[in-house]
Amino acid sequence: MVPLNDFASASLTIAGVINPPVDFLSVLTVTKPLIIKADEDEVLDIELEEDFIKANEKMAELNRRSFDRHRIKVVDFMGSIGAGKTSLIEKLVESLKKKYKVGVIAGDTSTAIDAERIAKHGVPSIQINTGRECHLDAPLVRKASKKLLRHGVNLILIENVGNLICPAEFPLGAHKRVVVVSVTEGEYMIKKKGDIFRAADVGVINKKDMSGPMGIDVSELVKDALNANPKIKAVVTSTRTGEGIPELIEALDL
Ligand SMILES: Nc1nc2c(ncn2[C@@H]2O[C@H](COP(=O)(O)OP(=O)(O)O)[C@@H](O)[C@H]2O)c(=O)[nH]1
Ligand SMILES: [Mg+2]
């Protein structure tokens, strides 16, 4: 059997990332949680990652110029799987399809479920499957937008791949970025994932109809969103009741 002391030092060796060295045994006995932050040089692919991010940003700028040249408004919806991105886009399509020629780009790792849901509303929709990538990127969106252009669209709604981390770092060239959370994700989601709120222009708190059963005070979530990003426009919605959809349309300048 490995003695406890050896186990502790083995963990330190394997992790090899703790600077200054931490005495695991003493830290773990105190009541506060142990927090280990990886320094930048401990992240193996950091240089590669930076190149990707810069290349993406350049392509996002090109996308924006192309959208402006063609007078197309573009909105990027980010958020966890299940937050209600597709449901919100469906509501927006129904509300806006008389005013705009709408097209939708849906990002997902492997399925076409979302694009199929959108297609039922009679607007062109394109599914992008990213495989193992956890976000859409500007080149993929450029490719899909070119196809939508053939349908004469002047509003593109993009559903990013479902998660609250990676999409924040990869702008797509959209005029507005929206982050969607729902009350069923609990009260800590916004506090924990502030970065994506800082990357967004509009923060949607969805599933208001579930706030009672969940015991969630929606106004606290609104406060959290504004704390993360004082410039964000916070909108509370329910795609079940339709509450907040007109406010969302206004926040998006549509
Ligand atoms: N109760 C309630 N359910 C919702 C609401 N919006 C979406 N849902 C449901 O939540 C689930 C996930 O929604 P979906 O739009 O697919 O989320 P996405 O993964 O972010 O695209 C589906 O079962 C929706 O019907 C809402 O406002 N209230
Ligand atoms: Mg979806």
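The shell around ligand 1 is made up of 3 nonpolar, 9 polar and 4 charged residues. In this classification Ala, Val, Leu, Ile, Met, Phe, Trp, Tyr, Cys and Pro count as nonpolar, Asp, Glu, Lys and Arg as charged, and the others, Gly among them, as polar. The shell holds 16 residues, and the closest are G84, K85, T86, S87 and T239; a residue is near a molecule if its C-beta atom, placed from the backbone, lies within 6 Å of it. Helix α4 (residues 85–96) contributes the most to this shell, with 3 residues.

This is a predicted model, in which local features need pLDDT of at least 70, side-chain atom pairs count only at pLDDT 80 or more, and totals for chains, interfaces and linings use all residues. Residues are numbered from 1 along each chain as its sequence is written, while chains are lettered from A and ligands numbered from 1 in the order in which they are written.

The mean pLDDT (the predictor's confidence in each residue, from 0 to 100) of the protein chain is 86, and 81% of its residues reach 70 or more. Over residues 1–29 the pLDDT is below 50, and beyond near neighbours in sequence this stretch has 15 contacts in the model. Two residues are in contact if their C-beta atoms, placed from the backbone, lie within 7 Å.

The protein chain has 11 helices and 7 strands; helices (H or I, at least four residues) and strands (E, at least two) are DSSP runs, numbered from the N terminus. Of its 254 residues, 39% count as buried. A residue is buried if 20 or more other C-beta atoms, placed from the backbone, lie within 10 Å of its own, exposed if 12 or fewer, and partly exposed in between. Among contacts with a separation of 6 or more, 69% link residues 24 or more positions apart.

Strand β6 (residues 202–206) has 5 of its 5 residues buried. V202, V204 and N206 lie on one side, G203 and I205 on the other, and both faces are covered. Strand β5 (residues 176–182) runs parallel to β6 and is joined to it by 5 bridges, with V179 opposite G203. Strand β7 (residues 233–236) also runs parallel to β6, through 4 bridges, and V235 is the bridge partner of V204. Strands pair if DSSP finds at least two bridges between them.

In helix α10 (residues 218–228), L221, D224 and A225 are buried. The buried residues of α10 fall within an arc of 100° seen down the axis, so they line one face of the helix; the arc is that of the directions from the helix axis to the C-beta atoms. These residues pack against α7 (189–192), α8 (194–198), β6 and β7.

S211 lies in helix α9 (residues 211–214). It counts as partly exposed because it has 19 C-beta neighbours inside 10 Å. Leaving aside neighbours within four places in sequence, S211 is in contact with V183, I216 and V218. The C-alpha atoms of S211 and V183 are separated by 6.0 Å, the two residues being 28 apart along the chain.
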